[in-house]
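Hi,

Here is the structure I promised to pass on to you. Have a look at it first, and then read my notes below.

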Amino acid sequence: MPRVGTTIFTVMSKLAREQNAINLSQGFPDFKVDERLVDLVHQHMRAGHNQYPPMQGVEKLRNLISDKMSSLYNCNYDPHSEITITAGGTQAIFTAISALVHEGDEVILFTPSYDCYAPTVELVGGKPVYVQLDTKDYSIDWQQVKKVVSRHTRMILINTPHNPTGTVMTSEDMKELEKITSGSDIVVLSDEVYEHITFDGIEHESVARYPELANRSLIVYSFGKTFHVTGWKTGYVVGPKALMDEFRKVHQFNVFTANSPIQHALADYMEDKENYLGVAEFYQKKRNIFIDAVKASRFKLKPSKGTYFQLLDYSAISDEEDTELAQRLTIEHKIASIPVSVFYHNPVQNSVLRFCFAKEDDTLLRAGEIICNI
Ligand code: PMP
């Protein structure tokens, strides 16, 4: 992978540490994990759940995920054959692409996009085909998608709620995707790791809600995002049996299975639905605190609709490139963010920086003060 260097997340977090800056760059919480969840992991370790769990994951956890998928999205997944626990969302994406994309296959990706998609497609010999989101509101131009679909299109990879833009796909988007893929053998890989983080009453649109789409989709989720445990690297994939069979063939040799005591603990923790249904309200407060804190600044913003990221437009402040400005703000103002151009295939200068608001309220207020002084 000659063109791949160190990711911007590692670069900016390192710079933030060196500069003693507030780090709103990488997407991880700086607050404590629920003690009950930590206690559950301890309990399961002490109870002897320390050896390989089944390849597809702990049964109780798969059963609870199946219940959740039917109650939230009205879609039934068989816990035995259609749900697999993974070592986080990234592994799930890697395994899904490895299982389904072959030499010469095309994969349609929307840019800006999360950084692991394109390198993974290239690594397995596939060809990323990029469709750029609208430069103003980051919506999908479905006419453009139609134009790039070819007989080589193997997969369309979507992400909603969307990192880095904080937008969400609508039911109209889903219907367009359904129309475009109908009658084809295109598979959809739907990255929904932020499913529980949507704002202002917006409901997450999962492909699982659309039977025709659900039938051709693998959907990726991450407990890291939902339960503030990004370092535990545990997630899962759901999909129809035919696709899941292929996924598992690769999964068993890729990682074989995922962390045992954590899976058991997550299963107990998921029994209380409030633990995931309450996440939207929790982050809504944080998003509001951050937006209020930067209101008086010279940055412009459209409130994030989902994820724990907020884009700030600096066109009224500077005409520097976003990579330069992000570094300068970290060094001179002690606030770290992520330049959005790095999420593009061909860097696009939109004059926007991405800030993560999965932080203590106090951190957000201090960050707001700094941002208002820029
Ligand atoms: N997809 C998106 C859009 C993400 O933002 C992330 C994490 N930053 C992942 C997948 C990966 O999730 P995990 O940490 O569980 O590997």
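In the side chain of Thr90, an N or O atom sits 2.8 Å from an oxygen atom of the ligand. Please keep in mind as you read that this is a predicted model. Ser222 also has a polar side-chain atom facing a ligand oxygen, at 2.7 Å. How much of the ligand does the protein bury? On its own the ligand exposes 400 Å², and 92% of that is buried by the protein.

Now for the surroundings. The ligand has 14 residues around it, and Asp191, Tyr194, Ser222, Lys225 and Lys233 are the closest. Sorted by class, this shell holds six polar, five nonpolar and three charged residues. Helix 4 (residues 89-100) supplies the largest share of the shell, with three residues.

One more residue is worth a look on your screen: Thr84, which belongs to strand 2 (residues 83-86). Is Thr84 buried or exposed? Thr84 counts as buried because its relative accessibility is 0%, and the cut-off for buried is under 20%. Its side chain makes a polar contact of 2.8 Å with the side chain of Arg248. Leaving aside residues up to four places away in sequence, Thr84 touches Met55, Gln56, Gly235, Tyr236, Val237, Met244, Phe247, Arg248 and His251.

Happy exploring, and write back with any questions!

Best wishes

Definitions and conventions. Residues numbered from 1 in each chain as written. Predicted model: local features only at pLDDT ≥ 70, side-chain atom pairs only at ≥ 80, totals over all residues. Heavy atoms only, no water. Helix = DSSP H or I, 4+ residues; strand = E, 2+ residues; numbered from the N terminus. Buried < 20%, exposed > 50% of the residue type's maximum accessible area, 1.4 Å probe, protein only. Polar contact = N/O pair within 3.5 Å; in protein donor to acceptor, adjacent residues only side chain to side chain. Contact = heavy atoms within 4.5 Å. Near = heavy atom within 4 Å. Areas by Shrake-Rupley, 256 points an atom, 1.4 Å probe, with all protein chains shown as cover. Nonpolar A, V, L, I, M, F, W, Y, C, P; charged D, E, K, R; others polar.
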